[in-house]
Amino acid sequence: MDTGSYGTGEVAVAADGTKSDTNVANSEADVAKNEAPLGSRAPEFVRARRMLHLSWQVAIFVVGLAVVVAGVIMLPLPGPGWIVIFGGMAIWATEFVWAQLVLRWTKRKVTEATERALDPKVRRRNIILTTIGLVIVAVLVGVYVWKFGFEMPWNIKDQ
């Protein structure tokens, strides 16, 4: 079973169908300069022995899967579900190229969202929308208290 995770790069396919090993695809060349190379981060003595490396990969996959499943369970229950899921992805990324690519994409998207959220125009819009929402909620609560007093909704008799 060849997972391709022992290599240090990915294969780029040219328009004519020929393959050439590159560290990254041309579209990601600038971004990848600051990132670690893709591939297995297993110790060298593990990578040198095929069966040991395969066992290592299975163990990493099972541990990562357990962490991701725990994170998915935490989504509706109390707990840091998304953080645990990304922790499981980080465990997988120590061994599998596909997980490394997913984490790189996620980091890029989070960085872009952070930059957009810190934009002064977007912040001003968000503050205005939040203020309008709070005013609407305050008016609704005021109307409810004026009409029914401080009674809980399930204790109100038919009027």
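1. **Confidence.** pLDDT is the predictor's confidence in each residue, on a scale from 0 to 100. The protein averages 79, and 77% of its residues score at least 70. Residues 21-27 fall below 50. That stretch still has 13 contacts in the model beyond near neighbours in sequence, a contact being heavy atoms within 4.5 Å. Where pLDDT is low, the predicted coordinates should not be read in detail.

2. **Ground rules.** This is a predicted model, in which local features need pLDDT of at least 70 and side-chain atom pairs count only at pLDDT 80 or more, while totals for chains, interfaces and linings use all residues. Residues are numbered from 1 along each chain as its sequence is written, and side-chain values use heavy atoms, with hydrogens and water left out.

3. **Overall layout.** The protein has six helices and two strands. These are DSSP runs numbered from the N terminus: helices are H or I with at least four residues, strands are E with at least two. Along the sequence the pattern reads β-β-α-α-α-α-α-α. Of the 159 residues, 19% count as buried. Buried means under 20% relative accessible area, exposed means over 50%, and partly exposed lies in between (1.4 Å probe, protein chains only). Among contacts with a separation of 6 or more, 48% join residues 24 or more positions apart.

4. **Helix lengths.** The expected span of a helix is 1.5 Å times one less than its number of residues. Helix α3 has 25 residues and should span 36 Å; its end C-alpha atoms are 36 Å apart, which agrees. Helix α6 (residues 120-148) has 29 residues and reaches 42 Å, close to the 42 Å expected. Just after α6, Gly 149 takes a positive phi of about 80 degrees.

5. **Transmembrane annotation.** An unreviewed UniProt entry lists residues 54-75, 81-106 and 127-146 as "transmembrane region". UniProt positions are given in the numbering used here, feature names are shortened, and annotations may be inferred rather than shown by experiment. How far apart are the end C-alpha atoms of residues 81-106? They lie 16 Å apart, and the span is 88% helix and 0% strand. For residues 127-146 the end C-alpha atoms lie 28 Å apart, with 100% helix and 0% strand.

6. **Nonpolar core.** The largest nonpolar core has eight residues: Ile 60, Val 68, Met 89, Trp 92, Ala 93, Phe 96, Ala 99 and Leu 103. Such a core is a set of buried Ala, Val, Leu, Ile, Met, Phe, Trp, Tyr and Cys residues joined through side-chain atoms within 4.5 Å. Helices α3 (50-74), α4 (81-93) and α5 (97-117) each give two or more residues to this core. The largest share, three residues, comes from α4.

7. **Buried positions in α3 and α5.** In α3, the buried residues are His 53, Gln 57, Ile 60, Gly 64, Val 68 and Gly 71. What covers them includes α2 (44-47) and α4. In α5, Val 97, Ala 99, Gln 100, Leu 103, Arg 104 and Thr 106 are buried.

8. The whole structure holds six aromatic pairs. Rings of Phe, Tyr and Trp (its six-membered ring) pair if their centres lie within 6.5 Å; planes under 30 degrees apart count as stacked, over 60 as edge-to-face and the rest as tilted. Trp 92 and Trp 98 make a tilted pair, 5.3 Å centre to centre with 55 degrees between the planes. Phe 96 and Trp 98 have ring centres 6.0 Å apart and planes at 25 degrees, so this pair is stacked. Phe 61, Trp 92, Phe 96 and Trp 98 form one cluster. Trp 92 is buried at 8% relative accessible area, and Phe 96 is buried at 7%. Trp 98 is partly exposed at 41%.

9. **Arg 41.** This residue lies in the loop between α1 (29-32) and α2. Is Arg 41 buried or partly exposed? At 45% relative accessibility, Arg 41 counts as partly exposed. Leaving aside neighbours within four places in sequence, Arg 41 contacts Ala 36, Ala 93, Thr 94, Glu 95 and Gln 100. The C-alpha atoms of Arg 41 and Phe 96 are separated by 9.0 Å, though the two residues are 55 apart along the chain.

10. **Leu 52.** This residue sits in α3. Leu 52 is partly exposed, at 36% relative accessibility.
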